[in-house]
Amino acid sequence: MVCANTPVSGPFPVDRGFKREEAATRPWMPTFTDLSRAAFCPRQLYYARRDGDDGPPETARARQRLAFEYASLREASDARLRAEPIDLAPSDYRTALDRLAGRDDWSALCEPRSTHVALEGKDCHGRVHKLIDTADGVVPTLVSPGSPPEHGVWEPQQVRAVAAAKALSWERGESVPRALVEYPAHAVVRTVRLTTRAKATYRRALRAVRALDGPPPRLRDTSKCRACDFRTQCGVRTRSMRSLLGL
Ligand code: SF4
(Lines give C-alpha, C1' and ligand atoms only; values in the text may rest on other atoms or scores of the structure.)
Protein backbone atom coordinates (compact mmCIF):
# COMPACT_ATOMS: atom_id res chain seq x y z
CA MET A 1 0.00 0.00 0.00
CA VAL A 2 1.21 3.46 -0.86
CA CYS A 3 0.30 6.61 0.91
CA ALA A 4 -0.48 8.75 -2.08
CA ASN A 5 -1.56 12.11 -0.77
CA THR A 6 0.30 12.35 2.45
CA PRO A 7 3.48 14.33 2.90
CA VAL A 8 6.61 12.38 3.54
CA SER A 9 7.07 12.38 7.25
CA GLY A 10 10.33 13.02 8.97
CA PRO A 11 12.34 16.12 8.30
CA PHE A 12 12.43 15.87 4.51
CA PRO A 13 9.54 16.10 2.07
CA VAL A 14 11.33 14.11 -0.62
CA ASP A 15 13.99 11.49 -0.23
CA ARG A 16 16.58 13.16 -2.39
CA GLY A 17 18.76 10.13 -2.12
CA PHE A 18 22.26 11.14 -3.04
CA LYS A 19 24.33 14.27 -2.96
CA ARG A 20 24.71 14.20 -6.71
CA GLU A 21 23.33 11.70 -9.16
CA GLU A 22 26.01 11.18 -11.76
CA ALA A 23 25.38 12.35 -15.29
CA ALA A 24 23.99 9.64 -17.50
CA THR A 25 25.41 8.82 -20.90
CA ARG A 26 22.17 10.46 -22.07
CA PRO A 27 22.19 13.67 -19.99
CA TRP A 28 18.62 14.67 -20.93
CA MET A 29 17.31 11.69 -19.03
CA PRO A 30 15.60 12.49 -15.72
CA THR A 31 17.12 11.26 -12.49
CA PHE A 32 15.35 9.08 -9.95
CA THR A 33 15.20 12.19 -7.74
CA ASP A 34 13.47 14.18 -10.51
CA LEU A 35 10.79 11.51 -10.69
CA SER A 36 10.41 11.37 -6.94
CA ARG A 37 10.00 15.14 -6.77
CA ALA A 38 7.53 15.17 -9.66
CA ALA A 39 5.45 12.60 -7.80
CA PHE A 40 5.47 14.83 -4.74
CA CYS A 41 4.86 18.13 -6.54
CA PRO A 42 5.92 19.08 -10.10
CA ARG A 43 6.29 22.69 -9.02
CA GLN A 44 8.82 21.62 -6.39
CA LEU A 45 10.80 19.90 -9.13
CA TYR A 46 10.74 23.14 -11.11
CA TYR A 47 12.24 25.07 -8.16
CA ALA A 48 14.82 22.36 -7.43
CA ARG A 49 16.01 22.40 -11.04
CA ARG A 50 16.07 26.18 -11.19
CA ASP A 51 17.87 26.69 -7.88
CA GLY A 52 20.01 23.54 -7.78
CA ASP A 53 19.92 20.72 -5.29
CA ASP A 54 22.76 19.95 -2.91
CA GLY A 55 21.26 16.62 -1.95
CA PRO A 56 20.32 15.53 1.53
CA PRO A 57 21.81 17.42 4.48
CA GLU A 58 24.31 15.74 6.79
CA THR A 59 21.61 14.97 9.36
CA ALA A 60 19.76 12.91 6.75
CA ARG A 61 22.90 11.15 5.58
CA ALA A 62 23.73 10.20 9.18
CA ARG A 63 20.34 8.49 9.40
CA GLN A 64 20.88 6.76 6.05
CA ARG A 65 24.24 5.41 7.23
CA LEU A 66 22.41 3.34 9.86
CA ALA A 67 21.28 1.04 7.02
CA PHE A 68 24.90 -0.10 6.66
CA GLU A 69 25.29 -0.95 10.34
CA TYR A 70 22.33 -3.18 11.18
CA ALA A 71 24.42 -6.05 12.54
CA SER A 72 26.46 -3.90 14.92
CA LEU A 73 23.42 -1.83 15.94
CA ARG A 74 21.68 -5.05 16.95
CA GLU A 75 24.49 -5.71 19.44
CA ALA A 76 24.83 -2.09 20.53
CA SER A 77 24.44 -0.87 24.09
CA ASP A 78 21.66 1.49 25.14
CA ALA A 79 24.25 4.27 25.41
CA ARG A 80 25.37 3.83 21.81
CA LEU A 81 21.81 3.59 20.52
CA ARG A 82 20.89 6.77 22.36
CA ALA A 83 23.75 8.51 20.58
CA GLU A 84 22.56 7.34 17.14
CA PRO A 85 19.97 9.27 15.08
CA ILE A 86 17.22 6.70 15.63
CA ASP A 87 13.58 7.53 16.26
CA LEU A 88 12.85 4.83 18.85
CA ALA A 89 13.89 4.10 22.40
CA PRO A 90 16.86 1.67 22.49
CA SER A 91 14.79 -1.35 23.59
CA ASP A 92 12.14 -0.68 20.91
CA TYR A 93 14.83 -0.23 18.28
CA ARG A 94 16.45 -3.52 19.24
CA THR A 95 13.04 -5.23 19.02
CA ALA A 96 12.49 -3.72 15.58
CA LEU A 97 15.92 -4.96 14.47
CA ASP A 98 15.11 -8.45 15.78
CA ARG A 99 11.93 -8.35 13.67
CA LEU A 100 13.98 -7.24 10.67
CA ALA A 101 16.41 -10.09 11.26
CA GLY A 102 13.53 -12.51 10.71
CA ARG A 103 13.34 -11.51 7.04
CA ASP A 104 14.66 -13.93 4.42
CA ASP A 105 16.86 -11.16 3.05
CA TRP A 106 18.34 -10.08 6.42
CA SER A 107 21.85 -11.32 5.58
CA ALA A 108 21.69 -9.65 2.18
CA LEU A 109 20.58 -6.36 3.73
CA CYS A 110 23.56 -6.52 6.10
CA GLU A 111 26.00 -7.60 3.40
CA PRO A 112 24.82 -6.24 0.07
CA ARG A 113 26.50 -7.38 -3.13
CA SER A 114 27.30 -3.71 -3.86
CA THR A 115 26.52 -0.26 -2.50
CA HIS A 116 25.95 3.21 -3.98
CA VAL A 117 25.44 1.87 -7.46
CA ALA A 118 24.73 4.06 -10.49
CA LEU A 119 22.04 2.65 -12.77
CA GLU A 120 20.94 3.82 -16.17
CA GLY A 121 17.67 2.60 -17.62
CA LYS A 122 15.75 3.34 -20.80
CA ASP A 123 13.99 6.42 -19.42
CA CYS A 124 15.86 7.56 -16.30
CA HIS A 125 19.02 7.14 -14.28
CA GLY A 126 20.21 7.48 -10.72
CA ARG A 127 21.82 5.67 -7.84
CA VAL A 128 20.59 3.07 -5.44
CA HIS A 129 22.03 2.57 -1.96
CA LYS A 130 22.35 -1.21 -2.24
CA LEU A 131 21.97 -4.11 -4.61
CA ILE A 132 21.19 -7.26 -2.70
CA ASP A 133 21.05 -10.92 -3.71
CA THR A 134 17.70 -12.54 -3.00
CA ALA A 135 15.94 -15.75 -3.98
CA ASP A 136 14.23 -13.68 -6.74
CA GLY A 137 17.52 -12.36 -8.10
CA VAL A 138 19.20 -9.02 -7.58
CA VAL A 139 16.99 -6.38 -5.92
CA PRO A 140 17.73 -2.64 -5.54
CA THR A 141 17.22 -0.92 -2.21
CA LEU A 142 16.81 2.75 -1.39
CA VAL A 143 17.48 4.12 2.06
CA SER A 144 15.15 6.79 3.40
CA PRO A 145 16.24 9.10 6.21
CA GLY A 146 12.61 9.60 7.20
CA SER A 147 9.85 7.68 8.90
CA PRO A 148 7.74 5.00 7.22
CA PRO A 149 4.01 5.44 6.75
CA GLU A 150 1.76 3.05 8.62
CA HIS A 151 1.72 0.68 5.64
CA GLY A 152 3.75 0.51 2.45
CA VAL A 153 5.88 3.45 1.38
CA TRP A 154 5.29 7.10 0.54
CA GLU A 155 4.32 7.66 -3.07
CA PRO A 156 7.47 9.61 -4.13
CA GLN A 157 9.53 6.73 -2.72
CA GLN A 158 7.40 4.21 -4.60
CA VAL A 159 8.09 6.08 -7.84
CA ARG A 160 11.79 6.16 -7.07
CA ALA A 161 11.80 2.44 -6.25
CA VAL A 162 9.97 1.54 -9.46
CA ALA A 163 12.41 3.71 -11.43
CA ALA A 164 15.35 1.90 -9.82
CA ALA A 165 13.90 -1.56 -10.47
CA LYS A 166 13.15 -0.71 -14.09
CA ALA A 167 16.63 0.73 -14.63
CA LEU A 168 18.24 -2.36 -13.09
CA SER A 169 16.03 -4.58 -15.24
CA TRP A 170 17.06 -2.62 -18.35
CA GLU A 171 20.76 -2.90 -17.49
CA ARG A 172 20.67 -6.62 -16.68
CA GLY A 173 18.18 -7.64 -19.34
CA GLU A 174 16.10 -9.55 -16.80
CA SER A 175 12.94 -9.01 -14.81
CA VAL A 176 13.26 -7.16 -11.49
CA PRO A 177 9.83 -7.52 -9.89
CA ARG A 178 10.45 -5.48 -6.75
CA ALA A 179 12.61 -3.00 -4.92
CA LEU A 180 13.00 -2.25 -1.22
CA VAL A 181 12.82 0.96 0.76
CA GLU A 182 14.71 0.93 4.05
CA TYR A 183 13.86 3.23 6.97
CA PRO A 184 16.88 2.56 9.20
CA ALA A 185 15.99 5.14 11.84
CA HIS A 186 13.01 2.85 12.56
CA ALA A 187 14.62 -0.48 11.56
CA VAL A 188 11.84 -1.00 9.03
CA VAL A 189 12.14 -2.29 5.46
CA ARG A 190 9.23 -2.21 3.01
CA THR A 191 8.79 -3.90 -0.36
CA VAL A 192 7.64 -2.09 -3.49
CA ARG A 193 6.29 -4.45 -6.13
CA LEU A 194 6.05 -3.42 -9.75
CA THR A 195 2.31 -3.76 -9.94
CA THR A 196 0.25 -2.28 -12.79
CA ARG A 197 -0.77 0.57 -10.50
CA ALA A 198 2.79 1.27 -9.34
CA LYS A 199 4.04 1.36 -12.92
CA ALA A 200 1.19 3.70 -13.90
CA THR A 201 2.16 6.09 -11.08
CA TYR A 202 5.78 5.94 -12.27
CA ARG A 203 4.73 6.74 -15.85
CA ARG A 204 2.63 9.67 -14.62
CA ALA A 205 5.69 11.09 -12.84
CA LEU A 206 7.80 10.55 -15.96
CA ARG A 207 5.26 12.46 -18.06
CA ALA A 208 5.25 15.28 -15.50
CA VAL A 209 9.06 15.57 -15.69
CA ARG A 210 9.05 15.54 -19.47
CA ALA A 211 6.28 18.15 -19.62
CA LEU A 212 8.09 20.55 -17.28
CA ASP A 213 8.31 23.84 -19.13
CA GLY A 214 7.91 26.69 -16.68
CA PRO A 215 6.42 26.58 -13.19
CA PRO A 216 3.50 24.13 -12.89
CA PRO A 217 0.43 25.18 -10.85
CA ARG A 218 0.59 25.10 -7.08
CA LEU A 219 -0.93 22.11 -5.35
CA ARG A 220 -4.59 22.32 -4.39
CA ASP A 221 -4.07 20.11 -1.36
CA THR A 222 -1.50 22.14 0.50
CA SER A 223 -0.92 19.56 3.23
CA LYS A 224 2.35 18.74 1.44
CA CYS A 225 3.41 22.37 1.31
CA ARG A 226 4.02 22.63 5.04
CA ALA A 227 6.98 20.27 4.59
CA CYS A 228 8.28 21.90 1.38
CA ASP A 229 11.66 23.66 1.28
CA PHE A 230 10.34 26.03 -1.40
CA ARG A 231 7.23 27.13 0.48
CA THR A 232 8.33 30.75 0.85
CA GLN A 233 9.21 31.41 -2.77
CA CYS A 234 6.24 29.41 -4.00
CA GLY A 235 3.94 31.80 -2.18
CA VAL A 236 1.49 29.08 -1.26
CA ARG A 237 -0.75 29.81 1.70
CA THR A 238 -0.81 26.94 4.15
CA ARG A 239 -3.54 26.79 6.72
CA SER A 240 -2.57 26.61 10.33
CA MET A 241 -3.58 23.64 12.44
CA ARG A 242 -5.91 26.00 14.29
CA SER A 243 -7.81 26.96 11.13
CA LEU A 244 -7.82 23.35 9.91
CA LEU A 245 -9.56 22.43 13.13
CA GLY A 246 -11.98 25.30 12.67
CA LEU A 247 -10.94 27.02 15.88
S1 SF4 B 1 4.98 24.91 -1.51
FE2 SF4 B 1 3.51 23.30 -2.19
S3 SF4 B 1 2.89 23.87 -4.27
FE4 SF4 B 1 4.73 25.06 -3.76
S5 SF4 B 1 6.42 23.83 -4.58
FE6 SF4 B 1 6.17 23.22 -2.44
S7 SF4 B 1 4.79 21.47 -2.42
FE8 SF4 B 1 4.61 22.46 -4.45
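## Ground rules

Residues are numbered from 1 along each chain, following the sequence as written. Because this is a predicted model, local features need pLDDT of at least 70 and side-chain atom pairs count only at pLDDT 80 or more, while totals for chains, interfaces and linings use all residues.

## Around the ligand

Let's start with the ligand. There are 13 residues around it, and those that come nearest are Cys41, Arg218, Cys225, Cys228 and Cys234. (A residue is near a molecule or strand if its C-beta atom, placed from the backbone, lies within 6 Å of it.) Sorted by class, this shell holds eight nonpolar, one polar and four charged residues. Here Ala, Val, Leu, Ile, Met, Phe, Trp, Tyr, Cys and Pro count as nonpolar, Asp, Glu, Lys and Arg as charged, and the others, Gly among them, as polar.

Two helices, helix 2 (42–51) and helix 10 (231–234), each give at least two residues to the shell. Helix 2 supplies the largest share, three residues. (Helices, H or I with at least four residues, and strands, E with at least two, are DSSP runs numbered from the N terminus.)

Helix 6 covers residues 90–101, and its twelve residues should span 16 Å at 1.5 Å a residue; the end C-alpha atoms are 16 Å apart, so the two agree. (The expected span is 1.5 Å times one less than the number of residues.)

Its buried residues are Tyr93, Leu97 and Leu100. They cover an arc of only 55° around the axis, which means they sit on the same side of helix 6. (The arc is that of the directions from the helix axis to the C-beta atoms.) Ser91, Asp98 and Arg99 are exposed on the other side. A residue is buried if 20 or more other C-beta atoms lie within 10 Å of its own, exposed if 12 or fewer, and partly exposed in between, with C-beta atoms placed from the backbone.

Tyr70 belongs to helix 4. Leaving out residues up to four places away in sequence, Tyr70 touches Leu97, Leu100, Leu109 and Cys110. (Contact has C-beta atoms, placed from the backbone, within 7 Å.)

Tyr70 and Leu97 are 27 residues apart along the chain, yet their C-alpha atoms are separated by 7.4 Å. Tyr70 is partly exposed, because 19 other C-beta atoms lie within 10 Å.

Strand 3 (residues 125–134) is mostly covered, with eight of its ten residues buried. Strand 2 (residues 114–120) pairs with strand 3 in the antiparallel sense over six bridges, and a hairpin of four residues joins the two. Val117 stands opposite Val128 in strand 3. (Strands pair if DSSP finds at least two bridges between them.)

Strand 3 also runs antiparallel to strand 4 (residues 137–143), joined by five bridges. Two residues lie between strand 3 and strand 4 in their hairpin, and Thr134 has Gly137 in strand 4 as its bridge partner.

## Two positive phi angles

His116 is not a glycine, but its phi is positive, near 50°. His116 sits in strand 2 and counts as exposed because it has 12 C-beta neighbours inside 10 Å.

Ala187, also not a glycine, has a positive phi of about 55°. Ala187 lies in the loop between strand 6 (178–183) and strand 7. With 25 other C-beta atoms within 10 Å, Ala187 is buried.

Definitions and conventions: Contact = placed C-beta atoms within 7 Å.
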